[in-house]
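Please consider how the parts of a protein chain may be held against one another. The paragraphs below lead through one example step by step.

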Amino acid sequence: MTLRNGKEFLMIPGPTNVPDEVLRAMHRPALDIYEGPMIQTTYDCLEGLQRLFRTKERTYIYAANGHGAWDAALTNTLCRGDKVLVLASGRFAIGWGEAASVSGLDVEVLPGSWQHPVDPTAVETRLRQDTDHQIKAILVVQVDTASGVCNDIPAIRKAIDAAGHPGLFMMDCIASLGCVPFEMDEWNVDLALTGSQKGLMTPPGLSFVAAGKRALKAHETADLRVNYLDWTFRHGPEHYQKYCGTPPEHLLFAFKAALDLIEAEGLENVWKRHAILAEACRRAIAVWAEGGVISFGVTGPQHRSNSVTVFKLDGYDPAPLREFTRSVCGVTIGGTIGDLSGKGIRIGHMGHINAVMILGTLSAIDLGLKKLNIPHGEGAVQAAIEYIAGAL
Ligand SMILES: *Cc1c(COP(=O)(O)O)cnc(C)c1O
């Protein structure tokens, strides 16, 4: 017996649910790429990105996924053999570091954990040892989508400043932009990047980079530059140069529609919606945890992200639970990856999500725990409802 027919929920940490307005925006003919309304769409997207990243600096659009933006950040600012320091807090900063190795950079990983955010004191200690400033860039993710940790970016910036270190501070906001507060200029971040398919509610295929003055200065002498990703070419006078070729037009129409939705709601209200729905999710998990099997991936409540929540199942395979919610209830929830592979669940709650989707997802999981006889505390969904009622 299945009850899944009806609207499907995709509650994984990317790609995420695409709003109908965004899907509809793509249903139109292609446009001239040399003149006409496409040019305005480009400027609308580049300026919208400045508002999302909270920066007055330059923004770039790539027809690429997040991995492409990783390469754009590195190749535009660094030289072969430069040392980069990767601040680990799960899987994704390490992945960026692996990309850096392939590009010929010398990668050092500052070890972290899957339960805790990056420790700013450890960052300061390591940078103080780098007296001749061999480290040219410091790479970190704001939210690590594998561990569910949300790093304290201003605290890491402070640690870099306390060490008096000039390394470029580069940030992956793929699982956080449009979900949690980010302030590129106020936090003095040199470069930030993100993708279209998570908090930004757009189909996969676009990624975005914002580069501050110090990143642009480093670009002048960078020798890893490659034509497609190159900022200098993209600064050129012709419209097609912004994309190094034909613009990904339909994805840009989609992204513009998503920007309109975010701006109609107000970015700060978007952050607030994510915070309330994420906390509702955490309230439910705290109740399930009373059964002794389920536990949070991230130890400190203040370090759990508002875009993705990770919980572990001690002694139970999470695969049948995911299969149950998907095939019986019509809700796809994520599995854990990397060090946590096969050990837990990731609930993506970013982008186009509302209270019904969160409460429905929690209810489907609660139902699955019951059907599969996985021990859990009773009243989890009620706890989520009561939290939301109090937060409104
Ligand atoms: C999803 C994700 C990526 C990878 O993005 P792709 O579009 O799959 O290349 C990188 N970093 C973070 C934090 C992510 O969540």
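With which residue does Glu268 form a salt bridge? In this predicted model, the partner is Arg54, and the closest N and O atoms of the two residues are 2.7 Å apart.

The domain assignment divides the protein chain into domain 1, made up of 9-16 + 267-391, and domain 2, which covers 31-263. Their centres, taken over C-alpha atoms, are separated by 28 Å. Domain 1 brings 28 residues to the contact, and domain 2 brings 29 residues.

The size of an interface is often given as the accessible area lost when the parts come together. Here domain 1 and domain 2 bury about 2300 Å² between them, and 64% of this area lies on carbon and sulfur atoms. On the side of domain 1, the residues that lose the most area to domain 2 are Leu267, Trp271 and His303, which together account for 25% of what that side buries.

Polar interactions also cross this interface. The count is 10 residue pairs in polar contact between domain 1 and domain 2, and 1 salt bridge is found across the interface. On the side of domain 1 that touches domain 2, α10 (267-288) and β10 (308-313) each supply at least two residues. The helix α10 gives the most, with 5 residues. By class, that side has 11 nonpolar, 12 polar and 5 charged residues.

Side chains of opposite charge can pair when their charged atoms come close. The structure holds 22 salt bridges.

One of them joins Asp190 to Arg214, with the closest N and O atoms 2.9 Å apart. This pair links distant parts of the chain, 24 residues apart: Asp190 lies in the loop between β6 (168-172) and β7 (191-195), while Arg214 belongs to helix α7 (residues 213-219). Asp190 has a relative accessible area of 3% and is buried, whereas Arg214, at 36%, is partly exposed.

Lys370 forms a salt bridge with Asp366, and their closest N and O atoms are 2.5 Å apart. Both residues lie in helix α12 (residues 355-371), 4 residues apart, which is about one turn of the helix. Lys370 is partly exposed at 36% relative accessibility, but Asp366 counts as buried at 11%.

Finally, salt bridges may also join into a group: Lys83, Asp106, Glu108 and Arg126 are linked in a network.

Note on methods. Residues numbered from 1 in each chain as written. Predicted model: local features only at pLDDT ≥ 70, side-chain atom pairs only at ≥ 80, totals over all residues. Heavy atoms only, no water. Domains from an automatic or database assignment. Contact = heavy atoms within 4.5 Å. Buried area = accessible area lost by both parts, 1.4 Å probe. Salt bridge = Lys/Arg side-chain N within 4 Å of Asp/Glu carboxyl O. Polar contact = N/O pair within 3.5 Å; in protein donor to acceptor, adjacent residues only side chain to side chain. Nonpolar A, V, L, I, M, F, W, Y, C, P; charged D, E, K, R; others polar. Buried < 20%, exposed > 50% of the residue type's maximum accessible area, 1.4 Å probe, protein only.
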